[in-house]
Amino acid sequence: MLFRLRRSRAMRAIACTLVPLVVAVLSACGTHGVSTTADGKTILRYQGATGTVQPYELAADLGYFSKIQLQWLGDTTSGPANIQAAATKQVEFGSAFNGAVVKLIAGGAPVTSVLSSYGADEKSYTGYFVRDDSGIKTARDLIGKKVGVNTLGAHHEFITREWLHEQGLSEPEIAQVQFVVLPPTSTEEALRTGQIDVAALQGVYLETAVARGGVHTLYTDKNLFGQFDYGTYVFRKDFIAQHPDAVRDFVQGTARATRWLQLTPRDQVVARFADIIHKRGRNENSGLLKYYKSSGIPVPGAVIAERELQIWIDWLVRNKQLPAGKVAAKDIYTNEFNPYANGKYPPNSGPNGEEVAK
């Protein structure tokens, strides 16, 4: 994952009632007039995350944008909420787990994925922890147990359900596993005090839990799918059509910043992040930067692979949450703006298209 402590996801984002609600909001929503700066740059409104630096924020600091200027409106409560904000024209772009993106699009939201936003690489991933004394050793031991996740219908729940399925549990058995929504700051404590039986932990929360001992991983997203991109940035289709140069500038700059993260030594990344957090003056705690490990995105330049969306389409179809054939992965994303995919840069080149030493 790009450095970010996974955001608190306190809402039931992709529950069955969500998509009709989003479509209704879209129908009633007025058109936002896109603003520009005095020198003609398109202003892209966005929601960030406290104490972290997103790759597009890094891109702005590195000087990778020439046609856009970012405008921070506040911090998001969850990935699904973030892409809803983009779909309903509260912001210009958002990022969420690909399963949430698929379901939002299936419900009629006119958005398109343009760039991978987070994933699991060799060093960064999501771990699903149990107490050492819990007696839980297999997937079957989770029947009737509670799993703490940051929101329903997103990454943590999808990964858990897929792992249970691959371990041979039937759908009725999986239905007996209860998902409990908890803020990331409280999840480890809930595990240690017995309020939940499994805790989904990432970033600083994973690192500090491991350091305190007494817990271990039962499964991880990385072990399930390997190094994989799990989320994407989305823009509204009308915005892409009306402002293609702005979208192209956002994607190329953010892709290059992601590549910078993939190739730059950790200490330099942390120092740059600390400087960015200090300069933007939002009264944030930069102390958590010491837990940064890697970008979390294994693909050079965050190029989207079709399988990263198709796997969740198949999951939703299998679980009868999406009619077969309603959504095709090839129709809901594009790599046309990404220099690492459109021929501008060699796929494995550096942030300026330069050859990278092996």
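Trainee: In which crossing does H4 pass H13, left-handed or right-handed?

Mentor: Good place to start! This is a predicted model, where local features need pLDDT of at least 70 and side-chain atom pairs pLDDT 80 or more, while totals for chains, interfaces and linings use all residues. Residues are numbered from 1 along each chain as its sequence is written, and side-chain values use heavy atoms, without hydrogens and water. With the near helix turned from the far one by less than a right angle, anticlockwise is left-handed and clockwise right-handed; for H4 and H13 the crossing is right-handed.

Trainee: Which residues in H13 does H4 meet?

Mentor: Contact means heavy atoms within 4.5 Å. From H4 come Asn98, Gly99, Val102 and Lys103. Their partners in H13 are Glu308, Leu309, Trp312, Ile313 and Leu316.

Trainee: Which are the edge strands of the open sheet of three strands?

Mentor: The order is S3-S10-S4, with antiparallel pairing (at least two DSSP bridges). S4 and S10 (228–236) share eight bridges, and H13 lies across S3, S4 and S10. Pairing on one side only are S3 (93–97) and S4 (111–120).

Notes. Helix = DSSP H or I, 4+ residues; strand = E, 2+ residues; numbered from the N terminus. Axes fitted to C-alpha atoms, helices over the stretch in contact; angles between N-to-C directions.
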